[in-house]
Amino acid sequence: MQKENELMRKVIVHIQGMSDYSQSKLHETPKLNKETADDHENRTWREKCSTDKEGNVKIPAMAFKLSLAAAAKKLGLQIAGRGKSTYTKYFEADVICEDDRGLSLPINKADISSVRLPQNSDGVRGSGKRVFRTFPIVDGGWEVHATFSIMDDTITPDVFEEVFEAAGFGIGIGRWRPQNGGLNGRFKALSYAWDE
């Protein structure tokens, strides 16, 4: 019987952003006494950032995992010799993006830029009244190193890299990414370092 670590493969991917990256983390910072909704938005928009212990903006590991799973589903690549079975369930269950310091960006939440945009007040496109919302934004060209653990050898390096490329171009990460009809959060792999 093989040990668990003999079945697992790891890869460190050097990732570069091909477009701006914007976050929209839900926060529950309360309003101050007599503070308007707009004043509250202007005061608390930085709380929409995910951060590390030092307050630097950090890309959530789940963003990359979910991007890969969505790309695998979109591609519908069939597994050779397994009929119509695809890789989707393997990317959903057997790929983990490790949550380590490699996902932190070299910008502190206090220093991040913002973008102010008209948005639907209830978050549903075309549903009614629009209000201004402010979101943190990082210019394109950002870079991180993400470590992925692959726990089923059904996913070969070639398949992983094909799905990763599709995720970067067609799914993305963060607010207003391609998966949701936007342009932000696109990325590409500069290199793959496989640990067999």
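Asp-38 is partly exposed, at 33% relative accessibility, where partly exposed lies between buried, under 20% relative accessible area, and exposed, over 50%, with a 1.4 Å probe and protein chains only. This is a predicted model, in which local features need pLDDT of at least 70 and side-chain atom pairs count only at pLDDT 80 or more, while totals for chains, interfaces and linings use all residues. Residues are numbered from 1 along each chain as its sequence is written, and side-chain values use heavy atoms, with hydrogens and water left out.

What does the side chain of Asp-38 meet in a salt bridge? The partner is Arg-116, at 3.1 Å from N to O, a salt bridge being a side-chain nitrogen of Lys or Arg within 4 Å of a carboxyl oxygen of Asp or Glu. The pair links distant parts of the chain, since Asp-38 sits in helix H2 (residues 37–44) and Arg-116 in strand S6 (residues 113–120), 78 residues apart; helices (H or I, at least four residues) and strands (E, at least two) are DSSP runs, numbered from the N terminus. Arg-116 is likewise partly exposed, at 42%.

Lys-58 and Asp-99, in turn, form a salt bridge at 3.0 Å, N to O. Because Lys-58 lies in strand S3 (residues 56–58) and Asp-99 in the loop between strand S4 (95–97) and strand S5 (104–108), this pair ties together parts 41 residues apart in sequence. Lys-58 is buried, at 15%, whereas Asp-99 is exposed, with a relative accessible area of 56%.
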